[in-house]
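Please read them with the structure open.

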Amino acid sequence: MLVEMDLCQAIINRSSTRSFSGGELSFAALQEIDKLAMQMPAGVRMVLLDGINGRVGTYGVVSKSTVAIAMVTDGSPRAQFQAGRWGEWAVLTLTALGFGSCWLGATFNSSELAAKAKLGRGENLAAVIVAGCRAEKTTWRDRLMRSVVRSRHRKSFDELFRMEGGEEFRTALEAVRLAPSARNLQPWRAIARKGRVDFYFVDTGRFAMLDMGIAYAHFEIACRQDIERFETADYEPFDGASYLYSATPSAGSKVGM
């Protein structure tokens, strides 16, 4: 069974894998994904697709992956957020168990995977996570894609966050900074106050809410406790960003790693 520290370490260890060995996920990994799939909120489905034989990415983006996780939503911003949140829990769970994975937002064969996911009326395929055993060596494909999305070049802490008395959240916000995002655009912004963090987003396009959900998963895992999310009119402006929600620890808990 995974523990909090496994997932906290997974935030640090995680990297996008596009070249796989063709090896299968373990039974334990499949069980963990099934557990997550049963926790999906309304408007979101997590569907494990096997038998794909690497046929997921277009233009040779992915090779020899053995399974994919389809994040299916009703298309609403709330559902997109939850798809990112729960999908990243799956990614970090796989990382903690020693497997590789990668988010795909556009570079996948949508018609084939949509058919496998059996989309219902009003549903869409928000994103796909490919997974499997990592290839022993990093290929030119991985190096090229990492260069294209600039995954090693992240905005500084001070560009993304303002600290106004919320030093207890610094480590959790650093975990947010490490989250993956479409084209590495990092839409998240936050102001940390004593006992609370106000989150904002920059509208980077159709994946912005998905990315915000991914970032939130990092935040709640790094806090290592239950977090309550709420909306309030008591927030300060953050230049170039729109307020999304605020987060605070549940009563009686402590923040920090």
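This is a predicted model: local features need pLDDT of at least 70, side-chain atom pairs count only at pLDDT 80 or more; totals for chains, interfaces and linings use all residues.

The points below go from the whole chain to its sheets, helices and cores.

1. The chain has 257 residues, and 52% of them count as buried. Its secondary structure amounts to eight helices and nine strands.

2. **Contacts and surface.** Take the contacts between residues at least 6 apart in sequence: 76% of them join residues at least 24 apart. The accessible surface of the chain is about 12,000 Å². Carbon and sulfur atoms account for 51% of that surface.

3. **The five-stranded sheet.** This sheet is open, and its strand order is β5-β6-β7-β9-β8. Its pairing is mixed. Which strands stand at the edges? They are β5 (161-164) and β8 (227-230). Each has a single partner strand, so one side of each is left without a neighbour in the sheet. From one strand to the next, the twist averages 20°.

4. **The β5 side of that sheet.** β5 and β6 run parallel and are joined by four bridges. Glu164 stands opposite Arg193 in β6. Helix α7 (residues 170-177) packs on the sheet. Helix α7 touches β5, β6 and β7, and its direction makes about 175° with that of β5.

5. **Strand β7 and its two partners.** β6 (residues 188-193) pairs with β7 in the antiparallel sense, over six bridges. On the other pairing, β7 and β9 (residues 242-249) are also antiparallel, with five bridges. Ile191 stands opposite Asp198 in β7, and Asp198 stands opposite Ser246 in β9.

6. **The hairpin.** Two residues lie between the strands in the hairpin of β6 and β7. Gly195 in this hairpin takes a positive phi near 80°.

7. **Cover on β7.** Are the faces of β7 (residues 196-201) buried or exposed? Six of its six residues are buried. One side carries Arg196, Asp198 and Tyr200, and the other carries Val197, Phe199 and Phe201. Both faces are covered. Note that Arg196 and Asp198 are among the buried residues.

8. **The four-stranded sheet.** A further open sheet has the order β1-β2-β4-β3, with antiparallel pairing. Its edge strands are β1 (44-50) and β3 (100-104), each pairing on one side only. Neighbouring strands are turned by 20° against each other on average, direction ignored.

9. **Details around that sheet.** Five bridges join β3 to β4 (residues 124-132), in the antiparallel sense. Within this pairing, Leu104 has Val128 in β4 as its bridge partner. Helix α2 (residues 27-37) lies across β1 and β2 (67-73). Its direction is at about 155° to β1.

10. **Helix α3.** Does the length of α3 agree with its residue count, or what span should it have? At 1.5 Å a residue, the 20 residues of α3 (residues 77-96) should span 28 Å. The end C-alpha atoms are 29 Å apart, which agrees. The helix is mostly covered, with 16 of its 20 residues buried. Just after α3, Gly98 takes a positive phi of about 95°.

11. **Arg85.** This residue lies in helix α3. Why does Arg85 count as buried? Its relative accessibility is 16%, and buried means under 20%. Beyond its neighbours within four places in sequence, Arg85 is in contact with Gly213, Ile214, Tyr216, Ala217, Glu220 and Arg229.

12. **The largest nonpolar core.** This core has 57 residues. Met46, Met71, Leu173 and Phe219 touch the most other members. Helix α8 (residues 208-223) supplies the largest share, ten residues. As background, nonpolar side chains in soluble globular proteins tend to be buried together.

13. **Met71 and the second core.** Leaving aside neighbours within four places in sequence, the contacts of Met71 include Met40, Val44, Met46, Trp103, Leu125 and Ile129. Arg45 and Asn124 are also among them. A second, separate core has 14 residues, including Leu49, Val62, Ala68 and Ala117.

Methods:
Residues are numbered from 1 along each chain as its sequence is written. Side-chain values use heavy atoms; hydrogens and water are left out. Buried means under 20% relative accessible area, exposed over 50%, partly exposed in between (1.4 Å probe, protein chains only). Two strands pair if DSSP finds at least two bridges between them. Contact means heavy atoms within 4.5 Å. Accessible areas come from the Shrake-Rupley method with a 1.4 Å probe; for residues, only the protein chains shown count as cover. Axes are lines fitted to C-alpha atoms, for helices over the stretch in contact, and angles run from 0 to 180 degrees between N-to-C directions. A nonpolar core is a set of buried Ala, Val, Leu, Ile, Met, Phe, Trp, Tyr and Cys residues joined through side-chain atoms within 4.5 Å. The expected span of a helix is 1.5 Å times one less than its number of residues.
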